[in-house]
Amino acid sequence: MRPESEAELAQIVTGLTAPVRIRGGGTRGVPGPEAELDVSGLSGITLYEPGALTLVAKAGTPVAEIETALATEGQRLAFEPMDHRGLMGTEGTPTIGGVIAANVSGPRRIQAGAARDFLLGVRYVDGMGQVISNGGRVMKNVTGYDLVKLMAGSWGTLGVLSEVSLKVLPKAETQATLTLSVPDAGTAVRALSAGLGSPYEVTGAAYDPALGQALVRIEGFEASVAYRAEALNRLFAPFGTMARLEDDPWPGIRDVAPFHGRVGDVWRISVKPGDAPELAARCKAEALLFDWGGGLIWALLPAGTDLRARLGEFAGHATLVRGDRTQRAMFQPEPAPLAALSRGLRQRFDPKGLFNPGLMG
């Protein structure tokens, strides 16, 4: 099933009698029924106003197409969405609807915000085949129900996105990446926390244990970047000597490039940065990569490993990004009160249980 318009999408959903798996570009390996609802036919930028920093696109529009259009005007998607293909071993084309449905946000989230923070409005088809529009094309738009934020990160379980409105931002004139050799994760997180707590507008804060390096990114006008790089060098003096990296490592950090082509399960752990070193040690992982100053840990483990059992109780959640999900849920089980709210929302938006059943528990 591959609709070519929103009206056709609504007609298809109205006639569904069995659950379906919603597919955009097919890059994230979403589990679900064999029956597939492919929305890649809903493609194209329908409005782009560079002066208003606003872009509207159909959900199946390739992210690359949007980035190309923005680049011609010196603009970008500030939330830096990850490309899952290398990590998942998938093909296809990442779409903007998939990015929003999964709230995919890269290293710049620590400074600019997540994908949902740039979402101005949505159009989607609910489980009854109704076309719903919520939000608008300006940041000051106010509605009674903030379905815009609710749809971001719902993984298609509440409705099938047909169109999204986004706020975009200008590209930075230049950027610099500073590296610091550190002996362990604890030192790395302390150093990164110092950078993030400074007034120097850090837009990337990562740690690669395999290299023993903490990395910090700053962006902006050239003179400002030079000043802030020197200030950060002084700030990090207690942790060691910093160096400026000529290459750009952030696409690799965003896409978890150190795990590409390696066998095993991949887990994504969200946690308080201060808890990250201890939690990472509990993983006993074959490889680790820290982003968001330690707030996000990527872990590579042998296939079939029950990471949640290893971690025990902690303030955060572990998501199985790559691996066998027949025995382990993709998402961290929710506490009973929150799970009840989630079930209530899905019952309201998709009463027949058509969209990606079982994905959210």
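## A tour of salt bridges and cores

Start by selecting D275 and K272: these two form a salt bridge, with their closest N and O atoms 3.8 Å apart. A salt bridge here is a side-chain nitrogen of Lys or Arg within 4 Å of a carboxyl oxygen of Asp or Glu. D275 is partly exposed, at 31% relative accessible area (buried is under 20%, exposed over 50%, partly exposed in between, using a 1.4 Å probe and protein chains only).

Before moving on, note that this is a predicted model, where local features need pLDDT of at least 70 and side-chain atom pairs count only at pLDDT 80 or more, while totals for chains, interfaces and linings use all residues. Residues are numbered from 1 along each chain as its sequence is written, and side-chain values use heavy atoms, leaving out hydrogens and water.

Next, pick R254 and D255, whose side chains meet in a salt bridge at 2.8 Å, N to O. Is D255 buried or exposed? D255 is buried, with a relative accessible area of 10%.

Now select R2, E4, R21, R23, E36 and D38 together: salt bridges link them in a network. Within it, R21 and E36 meet at 3.0 Å, N to O.

Finally, visit L77, L161 and W298, which touch the most other members of the largest nonpolar core, a group of 47 residues. Such a core is a set of buried Ala, Val, Leu, Ile, Met, Phe, Trp, Tyr and Cys residues joined through side-chain atoms within 4.5 Å. For a last stop, show L178, A185, A188 and A231, which belong to a second, separate core of 39 residues.
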